[in-house]
Amino acid sequence: MTIDAAKFTDLDMPQRVLLGPGPSMVDPRVLRAMAAPMVGHLDPNFVKLMDQIQELLRYLFQTENDLTLPISGTGTAAMETCVANSVEPGDRVLVCINGYFGLRLAEMAKRYGADVATISRPWGEVFNAEDVRAALEKRAAQVVMIVHGETSSGAMQPLAEIAQVVHEYDGLLLVDTVASLGGVPFSVDDLGIDICYTGSQKCLSSPPGIGPVTFGPRAVEKLNNRATPVANWYLDLTLLRDYWGAPRKYHHTTPISANYALYESLRLVAEEGLETRWARHRRMAEMLWDGLEAIDMTMHVPLENRLASLTTVRIPDGLDELAIRKRLLVDYNIEIAGGLGELGGKVWRVGLMGYSARAENVLLLLAALEKLLG
Ligand SMILES: *Cc1c(COP(=O)(O)O)cnc(C)c1O
């Protein structure tokens, strides 16, 4: 077999303005970090980097949790790590579903043998503590799963009271912050969250491929007392903690360059400071919301539950939404996303995450939309 090598041209990716639900734009400093020389994954220099990444992740999550590390895989791998390590076959699990990622959590929990109950809210609404209390009163659960920033709906879930209720019923609270961590105010320890995960490619503005997770003391206790081994070998935290900490036992080869990128993006978070970064995301989101309202568009989520890092805006009646998105991409280099699931065809999803959350991007999108919508 032969091949015509000449037909495979040099990579030629355009510089897009990425304003969808991820990946977000990547700071040039992060791209440069990825070009650093390859070293062995147990090289002393890399082992030091592993420790630094974990320290920076604790700042990002706002936690003292020892078991805090980056999974080699995207946000979905981090999600699966949290489910696989917290659930044992036969465990009762309650999943709160108000969007696409809640559905995914329930599906995963079932595959790991959980006895799953669900409560639901329309996409765009959030749960209150009484919803969770009523469900747990009917049937207690060892683990309660909920999404903080639902990327499919644009809603941000309040968590403090829900965490209290889950603990009253002696459960563990597992929270998805893939689309929100680093973009909106959040603290694992202050909120009392037991298990939490995120992804590198959203508000962290690192390339896709790494999924940070953290397990608190009560979650670690459950993990240590499992009757059955974690059913996913690659994502087994009882093995991974011996790789990311002493005794540094080989488990897999963590993607070195993706960790360089993660380190640099976490350093950018630390330099900016979380509070300043949250305020920037809020400012940019408000600029977007005001600008969209000025051209007679309506946000899908009421202001009090609106997620700053991802906005769902209703598509005006009769508009060919796909045609507009195509023109945004072709004429203006801007990527936004359509609706998922039950919001398909009804909303656009505009992400302002990490390095994408800048005034020039918001203004460009608003100007382009104003032109295209006439
Ligand atoms: C993007 C996202 C995920 C999945 O992350 P991937 O990096 O696409 O695997 C999970 N949960 C939420 C809320 C997300 O926005």
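**Figure 1. Glu-130 and Arg-133 meet through their side chains in a salt bridge.** The N-to-O distance is 3.4 Å. The model shown here and in the other views is predicted. Both residues belong to helix 5, which covers residues 129–138. Glu-130 and Arg-133 are three residues apart there, so about one helical turn separates them. Glu-130 is partly exposed, with a relative accessible area of 49%. Arg-133 is also partly exposed, at 25%. Side chains of opposite charge can pair when their charged atoms come close. The structure holds 20 salt bridges.

Figure 2. Glu-107 is partly exposed, at 38% relative accessible area. Arg-111 counts as exposed, with 67% relative accessibility.

**Figure 3. Glu-272 and Arg-280 form a salt bridge, with 2.7 Å from N to O.**

**Figure 4. The largest nonpolar core has 82 residues.** Which residues have the most contacts inside this core? They are Leu-105, Val-132, Met-145, Leu-173, Tyr-197 and Leu-237. Helix 2, residues 44–61, supplies the largest share of the core, with eight residues. Leu-105 touches Met-79, Val-83, Val-95, Met-145, Ile-146, Val-147, Leu-174 and Tyr-197, leaving aside residues up to four places away in sequence. Another core lies apart from the largest one and has 34 residues. Among its members are Leu-292, Ala-357, Ala-368 and Leu-372. In soluble globular proteins, nonpolar side chains tend to be buried together.

**Figure 5. Helix 2 has 18 residues and spans 26 Å.** The span is taken from the first C-alpha to the last, and it is close to the 26 Å expected at 1.5 Å a residue. At the start of the helix, a side-chain oxygen of Asp-43 comes to within 2.8 Å of the backbone nitrogen of Asn-45. The buried residues of helix 2 are Phe-46, Val-47, Leu-49, Met-50, Ile-53, Gln-54, Leu-56, Leu-57, Leu-60 and Phe-61. Just after the helix, Gln-62 adopts a positive phi of about 60°.

**Figure 6. Thr-81 is buried in helix 3.** The helix covers residues 75–86. Relative accessibility at Thr-81 is 0%, so the residue counts as buried. Which residues does Thr-81 touch, not counting those up to four places away in sequence? The contacts are Ile-71, Val-213, Phe-215, Leu-235 and Leu-237. Of these contacts, Leu-237 is one of the residues with the most contacts inside the largest core.

**Figure 7. Asn-232 is a buried loop residue.** The loop lies between helix 8 (217–224) and helix 9 (237–244). Asn-232 has a relative accessible area of 16%. A polar atom of the Asn-232 side chain lies 3.2 Å from the backbone nitrogen of Tyr-234. Asn-232 also touches Glu-80, Ala-84 and Tyr-112, not counting residues up to four places away in sequence. Ala-258 is 26 residues apart from Asn-232 along the chain, and 22 Å separates their C-alpha atoms.

Figure 8. Arg-314 stands opposite Val-347 of strand 14.

Terms used: Residues are numbered from 1 along each chain as its sequence is written. This is a predicted model: local features need pLDDT of at least 70, side-chain atom pairs count only at pLDDT 80 or more; totals for chains, interfaces and linings use all residues. Side-chain values use heavy atoms; hydrogens and water are left out. Helices (H or I, at least four residues) and strands (E, at least two) are DSSP runs, numbered from the N terminus. Buried means under 20% relative accessible area, exposed over 50%, partly exposed in between (1.4 Å probe, protein chains only). Contact means heavy atoms within 4.5 Å. A nonpolar core is a set of buried Ala, Val, Leu, Ile, Met, Phe, Trp, Tyr and Cys residues joined through side-chain atoms within 4.5 Å. A polar contact is a pair of N or O atoms within 3.5 Å; within protein, one must be able to donate a hydrogen and the other to accept it, and residues adjacent in sequence count only if both atoms are side-chain atoms. A salt bridge is a side-chain nitrogen of Lys or Arg within 4 Å of a carboxyl oxygen of Asp or Glu. The expected span of a helix is 1.5 Å times one less than its number of residues. Two strands pair if DSSP finds at least two bridges between them.
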